[in-house]
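Visitor: Could you walk me through this structure and tell me what stands behind the words you use for it?

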Amino acid sequence: MMGQLETQENLFYRFRIEEHVPQDHVLRRIDWLLDFDAIRAELAALYSHTGRPSVDPELMLRMLLIGYLYGIRSERRLVEEVHLNLAYRWFCKLGLEGRVPDRSTFSKNRHGRFADGDVLRRLFESVVEKCIGFGIVGGTDAAIDGSTIEADANRDRKDAPDVVEKIWSRKDQVQRPVSDYLDKLADADGAAQPGPKKKLPKYISETDPEAAWSLKDGPGRFSYETNYLVDTDHGIIVDVEATPARLSQEIVAAKTMLDRSRTRHDFHPDRVAADGSYGTGPFLAWLLKREVTPHVPVLDRQHQTKGKYDLSHFQYDPESDSYTCLEGHEMPLRRIRKDDRIKSYFAGKDTCGACPIKKACTDAPFRTVTRHMDEEARQTVRDLRDTAAYDESRRRRKKVEMLFAHLKRHLGFKRLRLRGLKGATEEFLLAATAQNLKRLAKMVPC
């Protein structure tokens, strides 16, 4: 006999939300790993002691984690999903009748208390401390890399920096990212910025001026870069740093992450793997001084001589700090460029002009040989290329690429929703926290 749905509802129901969330649900496995006590103590100073009670900040943090765990990028949709999904309600401790906060509550707290209190950084670090406590952070091998994420900025709304600033000066009101950027310019007042000195960017966004114009992943677009410091034993993200998508900022971020992780988590790996963009002499020397072995391809252009003799044809004498060419002529040190950390050696026009092999050596009036001031560090790292440890680190480094692939493919993190470097930092921290929680939930039994 064909069944038929009963349309009459019961007057009373016996329903416990606890019984309808499976014991092996990922949110159950994550819930017992979270500890908001320390974060709540930090947030207490940001709230008034009088007035009407606010929405519990723990509730908002739990909702944000759900959004990044399940790739729910829209706050409006997140509010709807938490309202309807029993597992989400259970994780947020709302029960069946708890009221879900309004979408606008997130914006007010993100640009207010959360931004002032650095709460999301503390949440991320508390999860890292859990990983260390459970012993899944080895602490000996690490990898560093960055991946670009498209900014919430129209690629067509761009212009030269001076033109854009004139546009802003004619506006009575500008958006928050623009006003924050103008405030930073006013506060800096010519102060030195971290990283190498660079000329003004070709393009600047009219809506998100801190984003950088990037050609790294296809057509030009405004982007930020999420930089990861990863312990390669189990792929745990130990630190994360947001920067504009500029190559020069990757090493700045790497130093920041290594210093911060050493201070806050006592994390000082013996070996660090990275790609060739990190293989500059100053950075390699910086790592070696900290007793960290760099398993990094050296950024080397000594063989790019357009068919002329390369550096291997010249003999260096460390005692006299000079080179000797194939014809036996001495090439003393002539010039030092401290900004580029480059030393130049040459014999002179008269010596090279009479040389029988000049055409094979240079087309210029005389041959100049350059040497990095950190050449000893560069050679030390070159000598590591044929070791088994180097090959193992290069293989482990793929775990960072896997994390970026998971971030974009499974968590749907391909474009930012918040603007400004502060917004990018918040989103990258939440995404990295979600990735660590997923990994931790799989590895640690309840």
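Guide: Gladly; what follows is a set of questions about terms, each answered with a value and its cut-off.
Guide: This is a predicted model, in which local features need pLDDT of at least 70, side-chain atom pairs count only at pLDDT 80 or more, and totals for chains, interfaces and linings use all residues. Residues are numbered from 1 along each chain as its sequence is written, and side-chain values use heavy atoms, with hydrogens and water left out.

Visitor: How many helices and strands does the protein chain have, and what makes a stretch count as one?
Guide: There are 18 helices and 13 strands.

Visitor: Why is Gln 435 called buried?
Guide: Buried means under 20% relative accessible area, exposed over 50%, and partly exposed in between, with a 1.4 Å probe and protein chains only. Gln 435 has 5% relative accessibility, so it counts as buried. Its place is in helix H18. Across the protein chain, buried residues make up 45% of the 446 residues.

Visitor: What makes the pair Gln 435 and His 406 a polar contact?
Guide: A polar contact is a pair of N or O atoms within 3.5 Å; within protein, one must be able to donate a hydrogen and the other to accept it, and residues adjacent in sequence count only if both atoms are side-chain atoms. The side chains of Gln 435 and His 406 are 3.3 Å apart in their polar contact, so the distance falls within that limit. The side chain of Gln 435 also reaches the backbone oxygen of Leu 403 at 2.9 Å.

Visitor: Arg 221 is a charged residue, so how do you know that Arg 221 is buried?
Guide: By the same cut-off: Arg 221 has 18% relative accessibility and therefore counts as buried. Arg 221 is found in strand S5 (residues 221-231), and its side chain makes a polar contact with that of Ser 223 at 3.4 Å. Contact in general means heavy atoms within 4.5 Å; leaving out residues up to four places away in sequence, Arg 221 touches Thr 148, Glu 150, Arg 155, Ala 212, Trp 213 and Ser 214.

Visitor: Why are H3 and H18 called roughly perpendicular?
Guide: Angles under 35 degrees count as roughly parallel, over 145 as roughly antiparallel, 65 to 115 as roughly perpendicular and the rest as oblique. Helix H3 (residues 57-69) and H18 pack at about 75°, with axes 9 Å apart, so they are roughly perpendicular. The axes are lines fitted to C-alpha atoms, for helices over the stretch in contact, and angles run from 0 to 180 degrees between N-to-C directions. On the H3 side, the contact is made by Leu 64, Leu 65, Tyr 68 and Leu 69.

Visitor: What makes a set of residues a nonpolar core?
Guide: It is a set of buried Ala, Val, Leu, Ile, Met, Phe, Trp, Tyr and Cys residues joined through side-chain atoms within 4.5 Å. The largest one here has 91 residues, of which Met 63, Tyr 228 and Phe 428 touch the most other members. Helix H18 (residues 420-443) gives the most to this core, with ten residues. A second, separate core of nine residues includes Leu 311, Tyr 323, Cys 325 and Tyr 345.

Conventions:
Helices (H or I, at least four residues) and strands (E, at least two) are DSSP runs, numbered from the N terminus.
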